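Morning, everyone. Please take a look at the structure on the screen, and I'll walk you through a few spots.

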Amino acid sequence: MKPVRRVVIAQTAENQSAIVNDADIENIDHFMEGVDSAVSINCWATDSAPVKISCNNDPAASPIAFLPTERGSVLRICDIPPDSAFIHQLDDILLNGQPVTAEQKEAKHPMMHQVDVMVYGFILTGSVTLISDTNQTILNPGDVVVDCGSHHAWSNHTNEVCRMVFVLLDGER
């Protein structure tokens, strides 16, 4: 896994801009326990809207929840492994801490999921197929996805990890 360098710029007490943090991110989770290449790199999170513009505390210094808090947001980078790295061992992995259910195993893709958030996704490297209930499309570097809380899966049919940036915004139906 290639490290991610995070640079944070903020206003000082003297009202001057300054780089206040410049380091590789260490807050890394495995969203598929048992699949080493399935990682989430948690970059930043907020817990209010409008956002309190302050960098006094580093939200990535402690664990960041999978979903944003109420009125919050999460910025993360995910490495999506090739399906071949896990599809044959569904009984041995945990997806966000939960076993893969029989219903998921019978779905169009076992990683189909839906959450009540608005998600902006950006493909950085690699290729991935976005699967919905009715169709699918292949995404490549530079492509952008706007997920309006839909039922979907990311399926990597290549032999390389696909790296994506996700911005998750708390939402309601």
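Start with E33. In this predicted model, E33 sits in strand β4, residues 32-33.

Who does E33 touch? Set aside neighbours within four places in sequence, and the contacts are D92, I93, L94 and G97. Take D92. The two residues lie 59 apart in sequence, yet E33 and D92 are 8.5 Å apart, C-alpha to C-alpha.

Now the interior. Nonpolar side chains in soluble globular proteins tend to be buried together. Here, the largest nonpolar core holds 31 residues. M32, I93, M111, V128, W154 and M164 have the most contacts inside that core. Several strands supply at least two residues each, among them β6 (73-80), β9 (117-125) and β13 (152-155). The largest share, 4 residues, comes from β14.

Look at M111. Beyond residues up to four places away, M111 touches M32, F86, L90, I93, L95, V100, H152 and A153. There is also a second, separate core of 6 residues, including V4, I25, C43 and I77.

On to the sheet. Which order do its 6 strands follow? The order is β3-β5-β6-β14-β9-β12, in an open sheet with antiparallel pairing. At the edges stand β3 (28-30) and β12 (144-148). Each has a single partner strand, so one side of each is left without a neighbour in the sheet. On average, neighbouring strands are turned by 25 degrees against each other, direction ignored.

β3 pairs with β5, residues 39-46, over 3 antiparallel bridges. I28 has I41 in β5 as its bridge partner.

Conventions
Residues are numbered from 1 along each chain as its sequence is written. This is a predicted model: local features need pLDDT of at least 70, side-chain atom pairs count only at pLDDT 80 or more; totals for chains, interfaces and linings use all residues. Side-chain values use heavy atoms; hydrogens and water are left out. Contact means heavy atoms within 4.5 Å. A nonpolar core is a set of buried Ala, Val, Leu, Ile, Met, Phe, Trp, Tyr and Cys residues joined through side-chain atoms within 4.5 Å. Buried means under 20% relative accessible area, exposed over 50%, partly exposed in between (1.4 Å probe, protein chains only). Two strands pair if DSSP finds at least two bridges between them. Axes are lines fitted to C-alpha atoms, for helices over the stretch in contact, and angles run from 0 to 180 degrees between N-to-C directions.
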